[in-house]
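Work through the exercises below with the sequence and the model at hand. Each task is followed by a solution in steps.

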Amino acid sequence: MPPTTGPFPISRPWKRWAVAAGLVAGFLAFFWLFGGWSLAPQVDLTLSNGDEPQTLDPAMATAQLDGRIILALFEGLTTRAADGSIVGGMAESWEMSPDGLTYTFHLRPGIKWSNGDPVTAQDFVDSWERTLNPATASEYSYQLYYLRNGEAYGTGKITDFSQVGVKAPDAQTLVCTLAHPTAFFLELTSFQTLCPVHMPTIKKYGRDWTKPGHMVSNGPYVLKDWRFRNYILVEANPYYWKPVPVHRMKVLPTSNANTTFNLFYSHKTDLILDTRSIPATLVADIKDKPYFHANPFGATTFLRFNVKRKPFDDVRVRTALALALDKHDIVTKITRAGEPIADTFAPPGYKGYTPPQGLGYHPDEARRLLAEAGYPGGKGFPDVNLLYAIRGSGPQQIATEMQALWQRELGITSIHLRGQEFNVYLNTQQLIDYDLSLSAWIGDYNDPQTFLDMFVTDGGNNETGWSDPQYDQLLATSENTVDPAARMKILSDMEKILCVDQVPIVPIYFWVGMALYEPGKIGGFEPNFVDDHRWGNFYIPEKKP
Amino acid sequence: MKPFADFYTIIRRDRFLMACALFVTAISLLAAADFIVPFFHDAQGRSYQLTGYAYDAISDASLLKPSWAHWFGTDVNGHDLLSRTLFGAQISLFVAATGTLVSLLVGVTYGMISGYAGGRIDNLMMRVVEIIYSLPTLVLVIILITTLDAPMAHFLKDAGITSVSPRLVLIVLFLGLTEWLVMARIVRGQVLVLKEQAFVQAAHALGQSHFRILWSHLLPNLSGLIVVYLTLTVPAIMLDESFMSFLGVGLQSPLASWGTLVSDAAGLINPVHSYWWLLFFPGTCMTLTLLALNFLGDGLRDALDPRVKK
Amino acid sequence: MIALIVRRLIQAIPVLFIVVTLTFMLVRSAPGSPFASEKKIPKEIMDQLEQEYDLKGPLWHQYAQYMWKVAHGDLSISTQYRNRSVNEIIAQTLPVSMTLGALAYCMALGAGITLGALAAVRHGQWGDRTLMLLALLGISIPSFVLAPMLILFLAIDLGILPVAGWGSADQIILPALCLSIPFAAIIARLTRGSLLEVLKLDFVRTARAKGLPEFAVLFRHALKVAILPVIGYSGPAAAGILTGSIVIETLFGIPGIGPFFVLSAENFDPFVTSGIVLVFSSFLIVFNLVADILYFVVDRRVRLE
């Protein structure tokens, strides 16, 4: 008699095997249906873009990685060539009035949305209205404040959009009237916030309009599939105004830099675009490899002082700390990607811009100043906190180094490290509830003003409590100066006040934009200062006719 | 105390357990020495260091392999790894010990009250344990640490305590509060048995207060069991702390614990160039300590358990 | 038994309620806005955002609005991933984590029981000692140390398994393996200890006396009884696998619920955090209930024998 007792009430052996097989089959079915198992789609190129994008809505995006995908799906009046220069996108030509206040754009004939609808100038007017409208809650809407009455509409002071400086006299022409001359306006029109969106789609689907299958876009690619934190699939847009060389691309999100590198190393991904996805300690070892590509990048890491709190209300103390910081040590030991040291704030590389001479590294002078301020040899220096954001291991390592460097050069032992989660850190900084803060800034567009206009009195991104009427005045003057050379000179003078005379901040180093790809595998990817590589420019060399 | 004498005999008999006990003692003594030595200063006012380097002293010798100058090599900032490992020993053992203390206090008190009270109160208390057991406690700890970090910093600042990191306090507190459940259950079980014993009944008859009975009669008889589970909680907390460090919720630089050292090093493993010493030395120290503690706890538990015959 | 189930399910409700409340309150009270960004946001926009997400006004009001939604099955919208509802996020990521966890648990059971039984059979000999040492090693090495080393060795040096990612069958093996190791170790220890005791019992001696082959004695009779503590362990094991999967999913780039949870806690996204805590807790409560029932059933049958 087969045993009928026991905890498993199945008596016959073959039944047990059947149950087991059933369970395995059930498991596989579950995996297939819900677990994200897929027969890998054939793609021409696989990219690692950094983490999962927060949104693919051009009006709502704030992160650089979101912007990259959006700028593959959408296109504004202008776009960028592979070398970073501004070229025509939806607009094929434009004129600027002599006073710099009016731009007239002529749209390319025959441009269409990915569902065949024509792209008209009115699309731009409607999209910009949506972005500026306070109800949309677009965090980058301030980019449209350069339009006349843009700020008034964006803050809700006026509710009639026809007063804002953008008009579509006919379907092919767009006329923009600015609040004051803006040298970088054409840069702004290539940025994702100023891309047009397909309003009927938004009206129909509301918040879900960015999902694959719903989204209608006008850029080189369309959104084919979007599996959350798994991959994004984009395919060439048949309605785009010129042929798109790479037909299908897969975008992989990863949050861990080492995992991303492992994927590249095992040839599972072809291109790592996101500088933050490349582990810093690895850089020194792969710097000489053929697949490593670096270019100067318009971003700066710097230190903020809270100028309203002792002892940093004394300019001598601030200058002393600036002079005693061995920035060379930081870029060779910690960041290791060959970053240039920064003695001024706006990165060099902007056309026509010559930064002033910065403070440099003079520890003896620093010690003298510190003694003069009342803390000889660092004695009596009050307890202060150096705030940094916990974002990978980079900021922590840099802050650790800075603390130790100041201790070594100035004898200050009372600087304590204070690491906070990124969101908490942002909040603390915005409330100016810190003593010292390790910060970074990535330029929004290709002009030094994106760096220098931060520090006006009560500027939203100032966050130091510093205020200098002369600085504010210089900025206002520069905004009304049409001659590019004269304007750049004024900006350079502003830098001198910022980095040499008053020192509310200490620039530390300029970033290096890094990308990993096998040369010869991808074309159309060139180093450029804004680290903005439009996917529409990519091609695969052996496939190019 | 009787149980400790028993333990000593048990350990002495088994050579392996003896080795484990010695190892743990040795590490603890080293950590203690590393803590005490910097309090002494030389003629110039600089403090002595056990290894010759301060744990937070940077240098240009970044990422060097182990050498005579640096026995364990150096890390990115040029810190000497041996010094950091010893400092890490201090912190890891401290966190594990105090966390265990927290879980001891809560667990033993809870278990004793529950077992002694019996009946409905016991039922209710054990049901609470049951519920907490089924919660993803480490997940909640992550939230607690992330959200209470800044308030705790303010609290410490107002209280004038500047030398203690708010993270340290939070980790010790919350990890201790996640690991007390097992202790509570075990203690309660034992109390249920003990309170039926004759000497307890006698104490009742003599009119002794409940507190007196708990403290003078029951507790001594629980001490053996408590020691065993203490030895098993310490490694659990050490492991939890390293887990927190990996997720970025642990201690901050320049403080170091084995957990942070190991998780930082694990983040540096890549196919191109491995800085193997960064992982190997702290990792081995941590693993060996965990192993030794687990072995010790196992051995003591087996010895105490009347059912297991050698 | 029915009483047990009913009691458990009823007491689950206040527990979940408390847990979700605690999470929501904590996350909302933390100093840091879920909408914080490096570029300062104008006040009007911030107000609008808060309005849209029902995060405006006094905390009680926000809480009440949220709980009302939850009661209707709507877990609200993520403040990080602006166009995704929490329901959608969990629906897409939970099955992934469950698949991974289920496989890891099966691996842990299979390897753990086998090795534990082997150790018990070789009790006192070198095999026993070695296996138990391996088991302790499995518990003492954190997964975020073991995983990169295994990736380096198996995936990169030997190239037999993929490095990371999700979607094909071979991509699930290494992460499940790494996840399962500490639990396999604990199950092995439990099995060994329990089996050692069971093998001394009378009915085993009887079975041997009857002339049954050792293999049958072991697997037909003894193991069925010895497995009880392992069943009892499944509750804490599930909790452990859940937390362990956070690390594994981060390291292997798996689109599961784990790394996403840490991100949302760090970004003070109250809806995703509370939603995930709700899901985790519900899952654990149900799992514990099932484990307890199974234990009860097995225990009773064992007693009957």
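A salt bridge here is a side-chain nitrogen of Lys or Arg within 4 Å of a carboxyl oxygen of Asp or Glu. The model is predicted, so local features need pLDDT of at least 70 and side-chain atom pairs count only at pLDDT 80 or more, while totals for chains, interfaces and linings use all residues. Residues are numbered from 1 along each chain as its sequence is written, chains are lettered from A in the order in which they are written, and side-chain values use heavy atoms, without hydrogens and water.

**Exercise 1. Salt bridges**

Task: find which residues are linked with Asp314(A) in a network of salt bridges, then examine the pair Asp270(A) and Lys521(A).

Solution.
1. The network joins Asp314(A), Arg316(A), Glu365(A), Arg368(A) and Glu372(A).
2. Asp270(A) and Lys521(A) meet through their side chains at 2.9 Å, N to O.
3. Asp270(A) sits in the loop between α7 and β11 (271-272) of chain A and Lys521(A) in the segment after β16 (505-517) of chain A, so this pair ties together parts 251 residues apart in sequence. Helices (H or I, at least four residues) and strands (E, at least two) are DSSP runs, numbered from the N terminus.
4. Asp270(A) is buried at 12% relative accessible area, whereas Lys521(A) is partly exposed at 37%. Buried means under 20%, exposed over 50%, and partly exposed in between (1.4 Å probe, protein chains only).

**Exercise 2. Two helices**

Task: state how many residues of α2(A) are buried and what span α3(B) reaches.

Solution.
1. In α2 (residues 64-73) of chain A, nine of the 10 residues are buried, among them Arg68(A) and Ile69(A).
2. Their cover includes the strands β1 (45-50), β8 (221-227), β9 (231-236) and β10 (248-253) of chain A.
3. Helix α3 (residues 81-117) of chain B reaches 52 Å from its first C-alpha to its last, close to the expected 54 Å. The expected span is 1.5 Å times one less than the number of residues.
4. Of its 37 residues, 28 are buried, so α3(B) is largely enclosed by the rest of the structure.

**Exercise 3. Chain A against chain B**

Task: describe the contact, meaning heavy atoms within 4.5 Å, between chain A and chain B.

Solution.
1. Chain A contributes 29 residues and chain B 27 residues.
2. Across this interface the rule finds zero salt bridges.
3. Among the elements supplying at least two residues from chain A are α7 (257-265) and α12 (394-410).
4. α12(A) gives the most to that side, with seven residues.
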